[in-house]
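User: I am new to reading protein models. Please take me through the terms and show how each one is decided.

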Amino acid sequence: MREKSIKIAISGKGGVGKTTLSSLLCYLYARDGQRVLAVDADPDANLGTALGFPPELLTKLTAISEERKLIKERTGAEPGTIGAIYSLNPQVDDIPDTYVAEYRGIKLLRMGSITQGGTGCACPENTLLKSLLDHIVLERNEIAILDMEAGLEHFGRGTARGVDAFIVVVEPGRRSIETAHAVVKLANDLGVQNVYAVVNKVHEGQFAELEQEINFLTILGHFPYDPVVVDADFHGKNLFDLSESFVQEAEKIKEKIDSLLR
């Protein structure tokens, strides 16, 4: 099968279900025989658990932002130092194949946090993370599923434009809808137009109303509220093996993504 190069960033308010969607899409593309890189770029890193990675694999995996030796080696500056001279173009091309765990055909990379707000002391870390994301989005030939926090701090303008699809996961609730508005504005400010929504945790009768609330977005699909998701999360199991109905809905979402990108 011919390998695809598709980069999908998934964002939304914390707890909305973006990691669930990320894990399902990872498994679907891997099932197609594609090379899949799952990028956990949320500080609350739990994509590996949602994918069902064995604990012994996850304990060996350190977030790149915490790899102090690597950061110093690649940037030339000690992490956390103030006013240091460091490389703005560090080597990162080997990281997505080296600093990963692999399970069932999916490679998992933990990015770690981008430190906010002009502190200066995190520049070497931020430079390495942003260079790494540039490389993943713009240069690698694979399926990359990026599980993001609600902001887009990891993205520069060029990187954001290189992402094939930004998906905002929205649940019934004012804060989630407001977060969707904020993500769309951030994406548009970066020159990105291909922003879509997936609705999650909807009870019967809620979808039509929520659809009106987010009519500024194309909706790729929706998942119902289902206790099986909570159970999967509690036991550290992946939903791909537990819920055929969720897999079927994720397949429809994937088909829409593939269709939109053709």
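Analyst: A strand here is a DSSP run of type E with at least two residues, and strands are numbered from the N terminus. The model is a predicted one. Strand β7, residues 195-202, contains K201.

User: Why is K201 called partly exposed?

Analyst: Partly exposed lies between the two cut-offs, under 20% for buried and over 50% for exposed. K201 has a relative accessibility of 29%, so K201 counts as partly exposed. Its phi is also positive, about 65°, although K201 is not a glycine.

User: What makes R104 partly exposed, and where is R104 placed?

Analyst: R104 sits in the loop between β3 (101-103) and β4 (106-110). Its relative accessibility is 41%, which is why R104 counts as partly exposed. R104 is not a glycine either, yet its phi is positive at about 50°.

User: Why is K254 called buried?

Analyst: Buried means under 20% relative accessible area. K254 is at 10%, so K254 counts as buried. This lysine belongs to helix α12, which runs over residues 244-261.

User: How do you know that the side chain of K254 makes a polar contact with the side chain of D32?

Analyst: A polar contact needs a pair of N or O atoms within 3.5 Å, one able to donate a hydrogen and the other to accept it. The side chains of K254 and D32 make such a contact at 2.7 Å. With neighbours within four places in sequence set aside, K254 is in contact with L25, L28, Y29 and D32.

User: Is P96 buried or exposed, and how do you know?

Analyst: The relative accessible area of P96 is 0%, so P96 is buried. P96 is part of helix α5 (residues 95-98). Not counting residues up to four places away in sequence, P96 touches L37, K107, L132, H135, I136 and R140. To touch in this sense means to have heavy atoms within 4.5 Å.

User: What makes R161 exposed?

Analyst: Exposed means over 50% relative accessible area. R161 has 54%, so R161 is exposed. R161 lies in helix α7, residues 157-162. Leaving aside neighbours within four places in sequence, the contacts of R161 are with L190, G191 and V192.

User: What is found at the start of helix α10, and what follows α10?

Analyst: At the start of α10 (residues 227-235), a side-chain oxygen of D226 comes to within 3.0 Å of the backbone nitrogen of V228. After α10 comes G236, with a positive phi near 65°.

User: How many helices and strands does the protein have, and why is the protein called as compact as a globular protein of that length?

Analyst: The protein has 12 helices and eight strands. Its radius of gyration is 18 Å, close to the 18 Å that the globule rule gives for 262 residues, so the protein is as compact as a globular protein of that length. The C-alpha trace spans about 55 × 40 × 35 Å along its principal axes.

User: What share of the protein is buried, and how much accessible surface does the protein have?

Analyst: Of the 262 residues, 51% are buried. The accessible surface comes to about 12,100 Å², and 48% of that surface belongs to carbon and sulfur atoms.

User: What share of the contacts join residues at least 24 apart in sequence?

Analyst: Among contacts between residues at least 6 apart in sequence, 74% join residues at least 24 apart.

Key. Residues numbered from 1 in each chain as written. Predicted model: local features only at pLDDT ≥ 70, side-chain atom pairs only at ≥ 80, totals over all residues. Heavy atoms only, no water. Helix = DSSP H or I, 4+ residues; strand = E, 2+ residues; numbered from the N terminus. Buried < 20%, exposed > 50% of the residue type's maximum accessible area, 1.4 Å probe, protein only. Rg over C-alpha atoms; globule rule 2.2 N^0.38 Å. Areas by Shrake-Rupley, 256 points an atom, 1.4 Å probe, with all protein chains shown as cover.
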